[in-house]
Amino acid sequence: MLLWIRLVKQMADAEGITEALKANDQMEWVGRMYSCRDHASETVYHQVIYT
């Protein structure tokens, strides 16, 4: 779980997803965060299942 949280935060930082974006365009922020979340989940699942 900690790996997943760390990956989501790292991906959000790399994509430039900020609190300012959240304040200005919530739907854009949600969509981009969901993308990071899904990508992090796939990465963790791949490491747990296939490694």
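Reply: One definition is needed to begin: a residue is buried under 20% relative accessible area, exposed over 50%, and partly exposed in between. Note also that the model is predicted.

Me: How many salt bridges does a search of the whole structure find?
Reply: A salt bridge needs a side-chain nitrogen of Lys or Arg within 4 Å of a carboxyl oxygen of Asp or Glu. Among the pairs found are arginine 32 with glutamate 28, at 4.0 Å from N to O, and aspartate 38 with arginine 37, at 3.3 Å. The number of salt bridges in the whole structure is 2.

Me: What separates arginine 32 and glutamate 28 along helix α3?
Reply: Helix α3 covers residues 26-50, and both residues lie in it. They are 4 residues apart, which means a separation of about one helical turn.

Me: Is arginine 32 buried, partly exposed or exposed?
Reply: Its relative accessibility is 26%.

Me: Which class do aspartate 38 and arginine 37 fall into?
Reply: Aspartate 38 has a relative accessibility of 38%. For arginine 37 the value is 33%. Each counts as partly exposed.

Me: Is isoleucine 49 buried or exposed?
Reply: Isoleucine 49 is found in helix α3. With Tyr45, Val48 and Tyr50, Ile49 makes a nonpolar surface patch of about 520 Å². The relative accessible area of isoleucine 49 is 57%, and the cut-off is over 50%, so isoleucine 49 is exposed.

Conventions:
Residues numbered from 1 in each chain as written. Predicted model: local features only at pLDDT ≥ 70, side-chain atom pairs only at ≥ 80, totals over all residues. Heavy atoms only, no water. Helix = DSSP H or I, 4+ residues; strand = E, 2+ residues; numbered from the N terminus. Buried < 20%, exposed > 50% of the residue type's maximum accessible area, 1.4 Å probe, protein only. Patch = residues over 30% accessible without salt bridge, like charges linked within 9 Å, V, L, I, M, F, W, Y side chains within 5 Å. Areas by Shrake-Rupley, 256 points an atom, 1.4 Å probe, with all protein chains shown as cover.
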